[in-house]
Amino acid sequence: MTLIDMRDVSFGYSRQRKVLHGVSLSVRQGVSVGLVGESGSGKTTILRLLLGLARPTGGSITFDGSSLDPSSRTFMRDYRRSVQAVFQDPYSSLDPRQKVHDIISEPLQSLRIPGSHPDAVAAALDAVGLPADAINRYPHEFSGGQRQRIAIARAIVARPQLVLADEAVSALDLSTRIRIVDLFKRLAQSMTLVFVSHDLGVVASLCEEIIILERGHIVESGRTRAILDNPQHPYTQKLLQSVPRMPGQGRTRGKQ
Ligand code: ADP
């Protein structure tokens, strides 16, 4: 089943300058996709369009066959339940005045999801590897990696079909990054992940499919392994040359 279908999408923050040029991509249920490109290539802009925070200037976006319409309250309510996001900075994305319980249960409340919220929060904390007593603490009591786990718990608490992650491990130190990538890998077994990163190595270890974006154009896309083993586009080749090896993960390209 196709969750997201983006057809020939263009977008510009101003009329003079387009930042996305005829972008077409699809995300199928259960197949995690990595969106890779250098800073400024348009990755976050694509996520903003997918979250309904901006509208394409050309082309169309559908979710599960229905047109993504940010002006429709009913569509967006269902959509927010199905699609959640995790952002880069675990320090600024959590409200410092709220206890962890309130942070994680916020989507359940704003989406008016029935059932026991404390049970759902406990299950989400467990899924991200945080102790149950974290609920009564504040974000500042946690490390960067733990805060990102809290942000991930908030994203999964309403059991979305799709999680959009924007550079969600980039601000973390290397050993924490590896642990959070492992967490995403585990979560990707039960939900679909679109993982945006400038780091091809991280995406290679996480995503079955990859989309390479250069200055608002998709230059290559397909099965991650096939593309990394045999990159066709010079831009992909250049990105691959700059991939560092992640300790403990073996080589990020070639035979593993
Ligand atoms: P990436 O996530 O790959 O770093 P972005 O989607 O953030 O790329 O940016 C794509 C292009 O859009 C860049 O040229 C950037 O300068 C421009 N851009 C991003 N956000 C804005 C904004 N709010 N207003 C104007 N231009 C923007």
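This report covers the ligand site, an open sheet with its helices, and a hairpin.

The model is predicted: local features need pLDDT of at least 70, side-chain atom pairs count only at pLDDT 80 or more, and totals for chains, interfaces and linings use all residues. Residues are numbered from 1 along each chain as its sequence is written, and side-chain values use heavy atoms, with hydrogens and water left out.

**Ligand site**

The shell around the ligand consists of Tyr13, Arg17, Val19, Glu38, Ser39, Gly40, Ser41, Gly42, Lys43, Thr44 and Thr45. By class, two are nonpolar, six polar and three charged. Here Ala, Val, Leu, Ile, Met, Phe, Trp, Tyr, Cys and Pro count as nonpolar, Asp, Glu, Lys and Arg as charged, and the others, Gly among them, as polar. Helix 1 (residues 43-50) gives the most to this shell, with three residues. Helices (H or I, at least four residues) and strands (E, at least two) are DSSP runs, numbered from the N terminus.

The table gives polar contacts, pairs of N or O atoms within 3.5 Å.

| Residue | Protein atom | Distance to a ligand oxygen |
|---|---|---|
| Gly42 | polar backbone atom | 3.0 Å |
| Lys43 | polar side-chain atom | 2.8 Å |
| Thr44 | polar side-chain atom | 2.8 Å |

On its own the ligand has 560 Å² of accessible area, and the protein covers 59% of this. Areas come from the Shrake-Rupley method with a 1.4 Å probe.

**Open sheet and helices**

Four strands make an open sheet, in the order 2-1-4-5, with antiparallel pairing. Two strands pair if DSSP finds at least two bridges between them. Strand 2 (18-28) and strand 5 (66-67) are the edges; each has a single partner strand, so one side of each is left without a neighbour in the sheet. Strand 5 runs antiparallel to strand 4 (residues 58-63), joined by two bridges. Thr62 has Ser67 of strand 5 as its bridge partner.

Helix 1 lies across strand 1 (2-12), strand 2 and strand 4, at about 120° to strand 1. Helix 2 (residues 73-82) lies across strand 1, strand 4 and strand 5, at about 65° to strand 4. Contact means heavy atoms within 4.5 Å. Axes are lines fitted to C-alpha atoms, for helices over the stretch in contact, and angles run from 0 to 180 degrees between N-to-C directions.

**Hairpin**

Strand 9 (residues 209-214) pairs with strand 10 (residues 217-223) in the antiparallel sense over six bridges. Ile211 stands opposite Ser221 of strand 10. Two residues separate the strands of this hairpin, and Arg215 in the turn has a positive phi of about 40°.

How values were computed:
A residue is near a molecule or strand if one of its heavy atoms lies within 4 Å of it. A polar contact is a pair of N or O atoms within 3.5 Å; within protein, one must be able to donate a hydrogen and the other to accept it, and residues adjacent in sequence count only if both atoms are side-chain atoms.
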